[in-house]
Amino acid sequence: MDFVTAQGNLTSGNSMVQGTNFLPNSTTVIPSSAPPLSRYENQKRRDWNTFCQYLRNHHPPLSLPHCSGAHVLEFLRYLDQFGKTKVHNQNCPFFGLQNPPAPCPCPLRQAWGSLDALIGRLRAAYEENGGKPEMNPFGARAVRLFLREVRDFQSKSRGISYEKKRKRSSTTNKQKIAVAAAGATLCGQTNIN
């Protein structure tokens with residue numbers, strides 16, 4: 001059976017490590033007869049391969065079982081250099097403005113939402129690739145705290161609120177009580193309690 005690596009090269013099934021879904025260089029392998037992956041699955045695979053490449057290039061090289069939340073934080077800080085979101089420093093005159101009137105020398109960083117989504121995908125990929133949920137470095141407390149700090153700072157810096165949107169319930173509690181009372185009255189009961 002032929003396999004397609006993440007880079008799109010065909011390799012024979014003989015070059016695979018016995019009993020795994022990885023080639024010896026830890027590249028995710030997909031059977032060529034598999035249906036096309038969703039956009040989310042493709043992005044998750046690319047993110048996973050990028051993180052594995054980062055670990056291989058780390059000095060000294062790291063194996064996945066030795067990876068910790070601190071290494072995940074190093075990876076996130078490394079990715080910051082490729083960001084496209086202007087994050088104003090506290091001493092910038094445009095700090096807290098959503099639409100600054102002029103350019104400034106403040107750095108471009110990864111947006112909090114992008115980092116949050118990335119960690120979610122990597123957390124899922126870690127477990128899909130054989131990692132134990134309780135040992136998942138992407139779910140480490142330090143990573144959660146870092147993301148919260150990034151969110152809070154970028155919220156202040158960019159003048160954007162990252163409040164969670166509350167779900168609207170289709171019926172309110174008063175309506176539910178009224179429906180229950182009406183049902184109880186129809187059944188001959190006058191007291192719900």
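**Cutoffs behind the labels**

Colleague: Why does Cys104 count as buried?
Modeller: In this predicted model, Cys104 has 14% relative accessibility. Buried means under 20%, so Cys104 counts as buried.

Colleague: How do you know that the sulfur of Cys104 is too far from that of Cys106 for a bond?
Modeller: The closest cysteine sulfur to that of Cys104 belongs to Cys106, at 3.7 Å. A disulfide needs the two sulfur atoms within 2.5 Å, so this pair is too far apart for a bond.

Colleague: What does a search of the whole structure find in the way of disulfides?
Modeller: The search finds 0 disulfides. For Cys52, the nearest cysteine sulfur is that of Cys67, 9.2 Å away. Cys52 is buried, because its relative accessibility is 8% and the limit is 20%.

Colleague: What makes Lys44 and Glu41 a salt bridge?
Modeller: Their side chains meet at 3.2 Å, N to O. The rule asks for a side-chain nitrogen within 4 Å of a carboxyl oxygen, so the pair qualifies. Both residues lie in helix α1, 3 residues apart, about one turn of the helix. Salt bridges that share partners join Glu41, Lys44 and Glu128 into one network.

Colleague: Do Lys44 and Glu41 count as buried or partly exposed?
Modeller: Lys44 is at 3%, so it counts as buried. Glu41 is at 28%, which lies between the 20% and 50% limits, so Glu41 counts as partly exposed.

Colleague: Which parts does the pair Asp47 and Arg121 tie together?
Modeller: The side chains of Asp47 and Arg121 meet in a salt bridge at 2.4 Å, N to O. Asp47 lies in helix α1 and Arg121 in helix α3, so the pair ties together parts 74 residues apart in sequence. Asp47, at 8%, counts as buried, and Arg121, at 16%, is buried too.

Colleague: How far apart in sequence are the parts tied together by Arg109 and Asp80?
Modeller: The salt bridge between Arg109 and Asp80 is 3.6 Å, N to O. Arg109 lies in strand β5 and Asp80 in the loop between α2 and β4, so the parts tied together are 29 residues apart. Arg109 and Asp80 are also among the residues lining the second largest pocket.

Colleague: Which element gives the most to the lining of the second largest pocket?
Modeller: α4 does, with 5 residues. The lining has 6 nonpolar, 2 polar and 4 charged residues, and Gln110 is one of the lining residues.

Colleague: Why does Gln110 count as buried?
Modeller: Gln110 is at 18%, and buried means under 20%, so Gln110 counts as buried. Gln110 lies in the loop between β5 and α3; its contacts beyond four places in sequence include Leu79, Phe82 and Gln154.

Note on methods
Residues numbered from 1 in each chain as written. Predicted model: local features only at pLDDT ≥ 70, side-chain atom pairs only at ≥ 80, totals over all residues. Heavy atoms only, no water. Buried < 20%, exposed > 50% of the residue type's maximum accessible area, 1.4 Å probe, protein only. Helix = DSSP H or I, 4+ residues; strand = E, 2+ residues; numbered from the N terminus. Contact = heavy atoms within 4.5 Å. 1 Å grid on protein atoms, 1.4 Å probe; cavity = no way out; pocket = protein on both sides within 12 Å on 5 of 7 lines; lining within 4 Å. Nonpolar A, V, L, I, M, F, W, Y, C, P; charged D, E, K, R; others polar.
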